[in-house]
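Please look over the sequence and the model below before reading on.

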Amino acid sequence: MNTQEGLQLVDRDESGVDTAFREDVLKGLSQEQKAVPARWLYDDAGSQLFEDITQLPEYYPTRAETEILKAQSASFAERIEPGCAVVEFGSGSSVKTPLLLSATDPAAYVPLDISGDFLRASAQDLAGKFPNVPVYPVEADFMRQVELPSAVTNLPKLGFFPGSTIGNMVPRTAVDLLRSMRETLGDGAKLLIGMDLIKDEAVLEAAYDDAAGVTAEFNYNLVRRINRELEGDISLENLTHEARWNDEYARVEMHLVAQVDLQFTVAGKRFSLAKGASIHTENSHKFNRRTSSMMLLAGGWEPQVRWLDSDEQFSLILAEAKPNRSAP
């Protein structure tokens, strides 16, 4: 297999704890509306649970995006330069990433992820499927500019950000991420990004609160991670998973709602959560043509092509990092 030695760019303290994780959790739990950034849902167990979610009947985004990737392979080959380095922000999906790599004839594949073990397993799997494509896994927080492996420095870059993960962030954070992606990939790079579309409220809520309870376990896993890695004692049995559609912000929200008054400690700090109050763990913003274009333009990416699935539930957008202009 052709998996190359990866880079590790995650800051950890002497006990092995991700310092950014601890900082975000303590800051978020100190707010009036307690919240933890959604990226921390994806430790190894969380990443596997999310893979399970993508197979659920209620969770339409993966099926819709996969349909686009299959149907538009000729369009990708026409519009994406062969011999590029595909840089995926997040460990590669076992379904979607191979479809893109097959269509684009890349010279290298660089998956970026904060979940090291899951990253390396995904990289190994992709290397086995594409023995002629060098794979360079990078364990890093891609919310900031990432230094790519020197082997791909001179290759044209295609960023790949599937799954509408951009929707997990509030707009200012999403724009910051798009700007950092531009800095990572450079002028002239292209970005293929998934953005989920606004649709019926019942369809949206079911996608984040499935009948089998897998999404609930995904949410609960964050508490298990906090308790394990940050010496927390949050009472998981007194929290309930809840998915809500917030029409004002065009997003589905995931919350962990307290069923009783709670007192708990995390990393030596004491917190309280009143009955009925929640820890806000994820947003999933939904877009239309105008809002998706505005988001990309604000982040320094000029939309070029927009593809939809046959039911018009999901969009894949190809954008380019063109030189900045000060005027029309």
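Two strands count as paired if DSSP finds at least two bridges between them. The model shown here is predicted. In the hairpin of strand 8 and strand 9, four residues lie between the strands. Strand 8 covers residues 239-246 and strand 9 covers residues 251-258; the two run antiparallel and are joined by eight bridges. As an example of the pairing, tryptophan 245 has valine 252 of strand 9 as its bridge partner.

Strands of a sheet pair through backbone hydrogen bonds, either parallel or antiparallel. What is the order of the four strands in the open sheet? The order is 2-12-9-8, and the pairing is mixed. Strand 2 (34-35) and strand 8 stand at the edges with a single partner strand each, so one side of each has no neighbour in the sheet. Strand 9 is also joined to strand 12 (residues 278-285) by seven bridges, and these two strands run antiparallel. Here glutamate 253 has asparagine 283 of strand 12 as its bridge partner.

Next come the helices. Two packed helices are described by the angle between their axes and the distance between the axes. For helix 2 (residues 44-53) and helix 9 (residues 214-229), the axes come within 9 Å and cross at roughly 165°. Angles over 145 degrees count as roughly antiparallel, and helix 2 is therefore roughly antiparallel to helix 9. Their crossing is left-handed. Helix 2 contributes Ala45, Gly46, Leu49, Phe50, Asp52 and Ile53 to the contact, and helix 9 contributes Val214, Thr215, Glu217, Phe218 and Asn221. By class, this contact of helix 2 with helix 9 has six nonpolar, three polar and two charged residues.

Helix 2 also meets helix 6 (residues 116-129), where the axes come within 7 Å and cross at roughly 50°. Helix 2 and helix 6 are therefore oblique to each other. Asp44, Ser47, Gln48 and Glu51 of helix 2 make this contact with Gly116, Asp117 and Phe118 of helix 6. The residues in the contact of helix 2 with helix 6 are one nonpolar, three polar and three charged.

Side chains of opposite charge can pair when their charged atoms come close. How many salt bridges does the count come to? The count is 16. One of them joins aspartate 24 to arginine 39, with the closest N and O atoms 2.8 Å apart. Aspartate 24 is in helix 1 (residues 19-29) and arginine 39 is in the loop between strand 2 and helix 2, so the pair ties together parts that are 15 residues apart in sequence.

Notes:
Residues are numbered from 1 along each chain as its sequence is written. This is a predicted model: local features need pLDDT of at least 70, side-chain atom pairs count only at pLDDT 80 or more; totals for chains, interfaces and linings use all residues. Side-chain values use heavy atoms; hydrogens and water are left out. Axes are lines fitted to C-alpha atoms, for helices over the stretch in contact, and angles run from 0 to 180 degrees between N-to-C directions. Angles under 35 degrees count as roughly parallel, over 145 as roughly antiparallel, 65 to 115 as roughly perpendicular and the rest as oblique. A crossing is left-handed if the near helix is turned anticlockwise from the far one by less than a right angle, and right-handed if clockwise. Contact means heavy atoms within 4.5 Å. Ala, Val, Leu, Ile, Met, Phe, Trp, Tyr, Cys and Pro count as nonpolar, Asp, Glu, Lys and Arg as charged, and the others, Gly among them, as polar. A salt bridge is a side-chain nitrogen of Lys or Arg within 4 Å of a carboxyl oxygen of Asp or Glu.
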